[in-house]
Amino acid sequence: MAMARASSGLAYPERFFAAASYAGFDGSPQSSTKDIESRFKPDVALILYALYKQATVGPCNVPKPSSWSRVEQSKWQSWKELANMASTEAMRLFVKLLEEEDPGWYSRASNFVAEPEPVVDVQMNHNSRVETIIENGNALPETKMISTENGSLMDTQDKDVVSEGLGSVIVYDQWIAPPISGQQPKARYEHAAAVVQDKMYIFGGNHNGRYLSDLHVLDLRSWTWSKVDAKADLESSELPSPIVVTPCAGHSLIPWENKLLSIAGHTKDPSETIQVKAFDLQTGTWSNLKTYGKPPVSRGGQSVTLVGTSLVIFGGQNAKRTLLNDLHILDLETMTWDEIDALGVPPSPRSDHAAAVHAERYLLIFGGGSHATCFNDLHVLDLQTMEWSRPTQQGEIPTPRAGHANVTVGENWFIVGGGDNKSGASETVVLNMSTLVWSVVTSVQGRVPLASEGLSLVVSSFNGEDILVSFGGYNGHYNNEVNVLKPSHKSTLQSKIMEAPVPDSVSAVHNATNPTRDLESEFEVGQEGKIREIVIDNSDQEPTKAKSGETGEQLMAIQKAEKEELESSLNKEKLQNLQLKQELVEAETRNTDLYKELQSVRGQLAAEQSRCFKLEVDVAELRQKLQTMETLKKELELLQRQKAASEQAALNAKQRQNSGGVWGWLAGSPPPREDDA
């Protein structure tokens, strides 16, 4: 059976203009710049502005502002980055972003928006009935599907249909979206959920890669959400200082006495070991619980199962992304950890699997994933003998999956959602834990929250009968929707009549397998397992608002258009990535050229330094030679003076000699001979 979904509201483009008017982008009395800034965060307001301009004006062709304010420049840049995005895509993204920021905008905007006739968006060859529900005193049309069999409408007064309170109609073995009021939690996955006294508590999770720490509660009688303003326990004797509730995802939430226990989980700054936090439902306070013994290493994606007064923890993935298959038990009465070395062949290391306990003795592990493979194997641990075994599964064995949610109702183990790299698991399956026979309860069609990874599933009562309640999940789109299924008695009996029943659970667990079979089956699972990846869409899929009389061809055209838009966004991201790579290569080239130029300058500088050194040496030599020349010059001048003095002395002597001959002649002395001269 397909999940029946219905919607009421305006079709595009009227829905976009209603959203724009509500958000304050149309110049209406309700809109003003101050009102927009106070209602949305700056980055959200910029995106909404850009989408509104793209949808109403088209691509940005105005010149870049030069003297405007920084705000105007940011608005222009946001609009410009949308490039040639189609106006229809901009309209849808505008409405989608507004719904994420203000989930209840449409109900509040209905006060000034004309509401059209309700339309049904279903893909079933069944009849449907449109019922009007009363919410917050306003009559809002809402379609509730009542499944038909063999072409005839089921009697709404039959036992298979239960109605209560807000006019919610629940059909056996079919998922229904109940009318929800109050402020819904932020869309998320890998959160944790638990039910206490007809109230479903939601804690933590992951949204856009950010861990959350908020706590919300859904009243399952009035279907009203409210946020719990939790605080740290300032008076706890075990706490030296107040604690800060750390955002986390992939953790487990277990109701115990008057508390909710939050165990393990991925955090931004992981601790070395598993932490146990407690939320007191009476005082509304968080506190850290002190444990004893050797606690397990911190992790997320593990399974935590309450068995009597103990918690059984198996597997998960630690902060270093190492997959685990260890087994630990926490005694809640003594708060003491105990690591178990069980016999037999344990399940291979994995995370995001499902675990349940049967007859307070047998721990069942199903599915999960490693870094490369998803599993659909079933393992059983006897908690009395502490021995692993792998029994033979019967019936319609589910496909390999990870990130699925599970809950037990009596001896029936219901599993919802999960997925592999191809798609989400669309079947809601049930295992009779006594006979180990699988059967399919129902199926959904399309990319809906029930075919998601990381959703939560709890069991509660509705008008005295059991109901399954799912919330959140991720399938390329973060969800915060609530869906309800009421299992019928025939789904419980169906698994018993498909195959011959096994006498008791002990024979079903122990007689169906042996160690050799374990190894062979592990090999088969390794061969048949699916490559597990988390497929992240660049933009979320929005449910199509179908008009009355819309044909299948039109729906296919819309889906094709959305596919083209996604491909366009992907191509845009690829182009931007290519441009960034090219810019990186160019920067590296420039860096290389600059380095070569620096080396060349260094070489030239070294050569100049060497030449300068040689010149200094030459100058020193020349100075020395100059000093030598000055000394020689002085010596030469001295010699010249001595020579002149000698020549003068000789001349004087000659003159004296000549004057002495005259006086000798006068005195009668003979003149000197030629020979003497």
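**View 1. Pro347 sits in the loop between strand E20 (336-340) and strand E21 (354-358).** This is a predicted model, in which local features need pLDDT of at least 70, side-chain atom pairs count only at pLDDT 80 or more, and totals for chains, interfaces and linings use all residues. Residues are numbered from 1 along each chain as its sequence is written, and side-chain values use heavy atoms, with hydrogens and water left out. Helices (H or I, at least four residues) and strands (E, at least two) are DSSP runs, numbered from the N terminus. Pro347 counts as buried because its relative accessibility is 0%. Buried means under 20% relative accessible area, exposed over 50%, and partly exposed in between (1.4 Å probe, protein chains only). Leaving out residues up to four places away in sequence, Pro347 touches Phe314, Asn325, His379 and Trp388. Contact here means heavy atoms within 4.5 Å. Phe366 is 19 residues from Pro347 along the chain, and their C-alpha atoms are separated by 9.3 Å.

**View 2. Leu98 lies in helix H5 (residues 87-101).** Its relative accessible area is 0%, so Leu98 is buried. Ala23 is 75 residues from Leu98 in sequence, yet the two are 7.8 Å apart in space, C-alpha to C-alpha. Neighbours within four places in sequence aside, Leu98 is in contact with Ala19, Tyr22, Ala23, Phe40, Pro103 and Trp105.

**View 3. Aromatic pairs: the whole structure holds 14.** Phe203 and Trp286 form a tilted pair, 4.8 Å centre to centre, with 40° between the planes. This pair links distant parts of the chain. Phe203 is in strand E9 (residues 199-207) and Trp286 in strand E16 (residues 285-288), 83 residues apart. Both Phe203 and Trp286 are buried. Tyr474 and Tyr478 make another tilted pair, at 4.6 Å centre to centre and 50° between the planes. Tyr474 and Tyr478 are buried too. Rings of Phe, Tyr and Trp (its six-membered ring) pair if their centres lie within 6.5 Å; planes under 30 degrees apart count as stacked, over 60 as edge-to-face and the rest as tilted. One aromatic cluster is formed by Phe16, Phe17, Phe25, Tyr52 and Phe94.

**View 4. Charged side chains sit over the rings of Tyr49 and Phe375.** The charged end of Lys75 is over Tyr49, 4.6 Å from the ring centre. Arg350 lies over the face of Phe375, at 4.2 Å from the ring centre. A charge sits over a ring if NZ of Lys or CZ of Arg is within 6 Å of the ring centre and within 35 degrees of the ring normal.

**View 5. Strand E15 (residues 276-280) and E16 form a hairpin.** They pair in the antiparallel sense over four bridges. Two strands pair if DSSP finds at least two bridges between them. Trp286 of E16 is the bridge partner of Phe279. Four residues lie between the strands, and Gly284 takes a positive phi near 65°.

**View 6. Four strands make an open sheet in the order E17-E18-E19-E20.** The pairing is antiparallel. Strand E17 (303-307) and E20 are the edge strands, each pairing on one side only. From one strand to the next the twist averages 25°. Axes are lines fitted to C-alpha atoms, for helices over the stretch in contact, and angles run from 0 to 180 degrees between N-to-C directions. Strand E19 (residues 323-331) pairs with E20 in the antiparallel sense over five bridges. Asp331 has Thr336 in E20 as its bridge partner.
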